[in-house]
Amino acid sequence: MKTHFKLTLIALGMAAGIIASVPAQAQTAAPAQAVNVVLVHGAWADGSSWAKVIPRLQAAGLNVTSVQNPLTSLADDVAATRRALALQHGPTVLVGHSWAGTVISEAGDDPKVSALVYVAARAPDAGEDFGALAAKYPTMPVRAGAKDHDGYVSLTEDAYLKYFGGDLPHDEALALYATQQPIASTLFNGRTTVAAWHSKPSWYAVSTQDMTTSPDLERFLAKRMHATTVELDSSHLSLLSHSKEIADLILAAAGRSK
């Protein structure tokens, strides 16, 4: 009996040591296995910006939906995302690029959402003035190329090619510039009422060469939400220039890591 008791204590001690050695971020390493992914695009883009990521996710057996945001207000974009979520059956990973990080932070409280993935994205807390937070970090070069026309803002060709998608082949970036979707000049004024990342496991892809959003701001947001984080040597458009890495991050959030 004494020997059995001693072995039990040793086993318990070893188990405790193993648990203690697991980093906090590893707690999101084994999420509920998702069957769906809903992708939400950012400003000056549309749903086709996920074109290189979608086939990779579909090849892994996931049902994929790319939302077409109107980019007219936070409420309108959240409504479009909620309509897409309503069509899903089973656990769903909700993914947002850039501005859409705000959208998924609000819409991500849907019970179907099993995990959140942020790609060079905003991630405000509930009611937070994100503009004031961002102002604590350097103003990025792309802002000089944002031009207002009758209440809608577009990026100039120079800003789009040089700063927004600076690591994309010229012809690809030029085609994206031609299809950019202007945003309402008041779009970024919207504030969330919830921050789903407080209650949902989250992943974050930082773009280290981002000229649209400060990489240090991205790192702050990822750390604040205790996200499982990767850093990519990428422009703001990592979903296009690093589509494999972004797809792999989404697959991890879906519980389908290879």
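This is a predicted model: local features need pLDDT of at least 70, side-chain atom pairs count only at pLDDT 80 or more; totals for chains, interfaces and linings use all residues.
Next I checked strand β5 (residues 146–149), which is joined to strand β6 (residues 152–155) by 4 bridges, with the two running antiparallel. Here I noted that Ala146 has Leu155 as its bridge partner in β6. I also looked at how the chain gets from one strand to the other. β5 and β6 make a hairpin with 2 residues between them, and Asp150 in the turn has a positive phi of about 55 degrees.

Putting the pairings together, I get an open sheet of 3 strands in the order β5-β6-β7, with antiparallel pairing. Which strands stand at the edges? They are β5 and β7, each with a single partner strand, so one side of each has no neighbour in the sheet.

**Entry: the chain overall**

I stepped back for the totals. The protein chain has 10 helices and 9 strands. Of its 258 residues, 48% count as buried. I looked up contacts between residues at least 6 apart in sequence, and 71% of them join residues at least 24 apart. The accessible surface of the chain comes to about 11900 Å², and carbon and sulfur atoms hold 59% of that surface.

**Entry: positive phi**

A general point to keep beside this entry: most residues other than glycine have a negative phi. With that in mind, I went to Trp44, which is not a glycine but has a positive phi of about 60 degrees. I found Trp44 in the loop between β1 (36–40) and α2 (54–59). Is Trp44 buried or exposed? Its relative accessible area is 3%, under the 20% cut-off, so Trp44 is buried.

His226 is another non-glycine on my list, with a positive phi of about 55 degrees. I placed His226 in the loop between α8 (215–224) and β9 (228–232). His226 has a relative accessible area of 59%, which is over the 50% cut-off, and therefore counts as exposed.

**Entry: the cavity**

The structure holds 1 cavity of 30 Å³ or more, and the largest cavity has a volume of about 70 Å³. Trp44 is one of its lining residues, together with Ala45, Asp46, Ser48 and Ser49. The lining also includes Tyr160, Phe164, Leu176, Thr179, Gln180, Leu237 and Leu240. By class, I have 7 nonpolar, 4 polar and 1 charged residues around the largest cavity.

**Entry: the pocket**

For open space, I looked up the largest pocket and got a volume of about 320 Å³. How many residues line the largest pocket? There are 21, and those nearest its centre are Arg122, Ala134, Arg143, Thr212 and Leu217. Helix α5 (residues 130–134) gives the most to this lining, with 3 residues. I sorted the lining of the largest pocket by class and found 13 nonpolar, 6 polar and 2 charged residues.

My list of the buried ones reads Ser243, Ile246, Ala247, Leu249, Ile250, Leu251, Ala252 and Ala253. Just after α10, I noted that Gly255 takes a positive phi of about 75 degrees.

My last stop was Thr81, which is in helix α3 (residues 74–86). What is the relative accessible area of Thr81? The value is 0%, so Thr81 is buried. I then asked what surrounds it, leaving aside neighbours within four places in sequence: Thr81 is in contact with Val40, Val67, Asn69, Leu94, Val103 and Ala107.

Note on methods
Residues are numbered from 1 along each chain as its sequence is written. Side-chain values use heavy atoms; hydrogens and water are left out. On a 1 Å grid over the protein atoms alone, a cavity is a set of points where a 1.4 Å probe fits but cannot get out, and a pocket is an open set with protein on both sides within 12 Å along at least five of seven lines; lining residues have an atom within 4 Å of a point. Grid points are joined across faces, edges and corners, and a volume is the space filled by probe spheres set on the points. Ala, Val, Leu, Ile, Met, Phe, Trp, Tyr, Cys and Pro count as nonpolar, Asp, Glu, Lys and Arg as charged, and the others, Gly among them, as polar. Buried means under 20% relative accessible area, exposed over 50%, partly exposed in between (1.4 Å probe, protein chains only). Contact means heavy atoms within 4.5 Å. Accessible areas come from the Shrake-Rupley method with a 1.4 Å probe; for residues, only the protein chains shown count as cover. Two strands pair if DSSP finds at least two bridges between them.
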